[in-house]
Amino acid sequence: MLLFLSQEPEARPGPPPPVAAAAAAAGLGPAPGMSVCGEAVGAGSLPSELVVHIFSFLAGPDRLRASAACSHWRECLFYPALWPRLRLSLRVSPAERPRLEFLMRKCGWFVRELRVQFAADNYPSGGGGGAAAAGEGAAAAGEGEAPPLCPRWLDLLRTYLELVLCVLSSVRNNRNLQKLSLFGDISILQQHGSISNTYLGKVDPDGKKIKQIQQLFEEILGNSRQLKWLSCGFMLQIVTPTSLSSLSNPIANTMEHLSLLDNHIPGNTTLITAVELERFVNLRSLALDFCDFTAEMARVLADSNHVPLHRLSLLVHSVSIMHKSLDSMPEDENWKALTRNSTNLRVYIMAFDVKSDDMLRILKPSIPLERIHFDSYITCVSGAVVDLISRQYDKFLTHFILMNDVIDMSGFPDLSDNRNEDPLVLLAWRCTRLSLLAVHGYTVWAHNLIAIARLRGSDLKVLEVTEESIDFDQGELADQDVDPVHNLIEQVSLGLGRPWHAVMDIELLSVFTEPTRHFYREMQSFSEGI
């Protein structure tokens, strides 16, 4: 394989190969008329320092292709300085394991930023298929019994545990680790509650793998010397209520981001207490289950000894509300005290299948709410909640997402029922910083959509409404001679000052994804945007 090619005088100049371009940029190109691919001066004879320097100019894929030149270049490929960050999206498949083992063996001991997402994107049929199917399965199984899972589900869980063990065991002694982010996207198994211990018992009969995973995680925390960012979401009991005690006080004192989310923890168990939070005096970003964020925690963060908090992400889940309580949540005076100490604090809330009455209790006036996302299979948001949001958070709100993943699309709920003004139009009018509005599964009248576009104009950077959510007033249609769909597209486009179309396929929605995956992804970018 030719790596560095001397250019022929008569040849037409063109873009150099990636490796040659990198070598030229590094000042390491061959002399005119000289080839470094011969036996006397081969690619393998270059000093390791020069090969690594060349690699530093290449993108990841080009770097991998260049390493195929010879064994010497392959050895240089995994020089620590070349891979300070490692971001992996792993399919929960046995085929991933040998590749993962190789990569983690090479990079796990020195990588500074590790972000891993275990993505079970091809869900097997049988025993799953969304919240509705999960609910039906649970009902069919009877009270107190776990709905049956097909063998492929059990294989999925078994493979998941093995991949998690592979990742954690490879970084257990890494003292350079500064950012650790783990996300387990198998939450389809957790709809309407946590995965039953019956399931885990079938793939891990004596619980050894779960205990080993928990011990490895605590070992990583105990060995860390530079950890600033710790994020763990929906990872099947990887975090326990005692995990954070493994962190030394110096590391806890300098931690800047902490995210702990797990739907699988039993009963009223919380992953962090207000007493434990007192050690994290330098925390600038925090993400928790809403039911775990108590008034006492708000008081700890409002203390003058704590640096100002900039980002707070809260997941409100119907399952948590069912098993825990809202009685300990921060009251308005707690939010006022917190915002006095943290004047730049912004809050992101995602509510999943939460009743409107509970939301009206949760949404205190002094929350500096910047983003809110409603997602549901069963419980719909009321117009009163949307109206409250537009009145209380008009100075902060930038993102508003309304998703209703109903199976029957023949009749979507109408937020404007029995109201003089549509709540979404009022939201666009009052919230002058609104830049993203996405709606699916709720009726959006065409004339209201036009009004929203005119009110917000080009400041509304994202306006996504699915085609099936849009409805037309029959009285207005009778007075129009033009095609109503064409007229809608034209009027909304004029209002926004750019071409606009309704979203034809829900899967094309930028916010359309599994809810916990979306929350975790948005939380990461929200927190990194400090």
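In this predicted model, residues 23-40 keep a pLDDT under 50, and the model gives them 24 contacts beyond four places in sequence. Where pLDDT is low, the predicted coordinates should not be read in detail.

For the chain as a whole, the average pLDDT is 82, and 78% of the residues score at least 70. Over residues 1-16 the pLDDT is below 50, with 20 contacts in the model beyond near neighbours in sequence.

| Stretch | pLDDT | Contacts in the model |
|---|---|---|
| Residues 1-16 | below 50 | 20 contacts beyond near neighbours in sequence |
| Residues 23-40 | under 50 | 24 contacts beyond four places in sequence |

Now to the fold. The chain holds 21 helices and 14 strands, and 53% of its 530 residues count as buried. Among contacts with a separation of 6 or more, 81% join residues 24 or more positions apart.

Two packed helices are described by the angle between their axes and the distance between the axes. For H7 (residues 151-171) and H9 (residues 208-223), the axes come within 9 Å and cross at roughly 25°. Since angles under 35 degrees count as roughly parallel, H7 is therefore roughly parallel to H9. The crossing of H7 past H9 is left-handed.

Which residues make this contact? On the H7 side they are Arg-158, Leu-161, Glu-162, Val-164, Leu-165, Leu-168, Ser-169 and Val-171, and on the H9 side Lys-209, Ile-210, Gln-212, Ile-213, Leu-216, Phe-217 and Ile-220. Sorted by class, the contact of H7 with H9 has 10 nonpolar, 2 polar and 3 charged residues.

Helix H12 (residues 295-302) is mostly covered, with 6 of its 8 residues buried. Those buried in H12 are Ala-295, Met-297, Ala-298, Val-300, Leu-301 and Ala-302. Their cover includes helix H11 (274-277), strand E6 (285-289) and helix H14 (332-341).

Finally, have a look at Ser-313, which lies in strand E7 (residues 311-317). Is Ser-313 buried or exposed? Ser-313 counts as buried because its relative accessibility is 0%, and the cut-off for buried is under 20%. Setting aside neighbours within four places in sequence, Ser-313 is in contact with Leu-286, Ala-287, Leu-288, Tyr-348, Phe-519, Met-523, Phe-526 and Ser-527.

Note on methods. Residues numbered from 1 in each chain as written. Predicted model: local features only at pLDDT ≥ 70, side-chain atom pairs only at ≥ 80, totals over all residues. Heavy atoms only, no water. Axes fitted to C-alpha atoms, helices over the stretch in contact; angles between N-to-C directions. Helix = DSSP H or I, 4+ residues; strand = E, 2+ residues; numbered from the N terminus. Parallel < 35°, antiparallel > 145°, perpendicular 65-115°, else oblique. Left-handed = near helix turned anticlockwise from the far one by under 90°. Contact = heavy atoms within 4.5 Å. Nonpolar A, V, L, I, M, F, W, Y, C, P; charged D, E, K, R; others polar. pLDDT = per-residue confidence, 0-100. Buried < 20%, exposed > 50% of the residue type's maximum accessible area, 1.4 Å probe, protein only.
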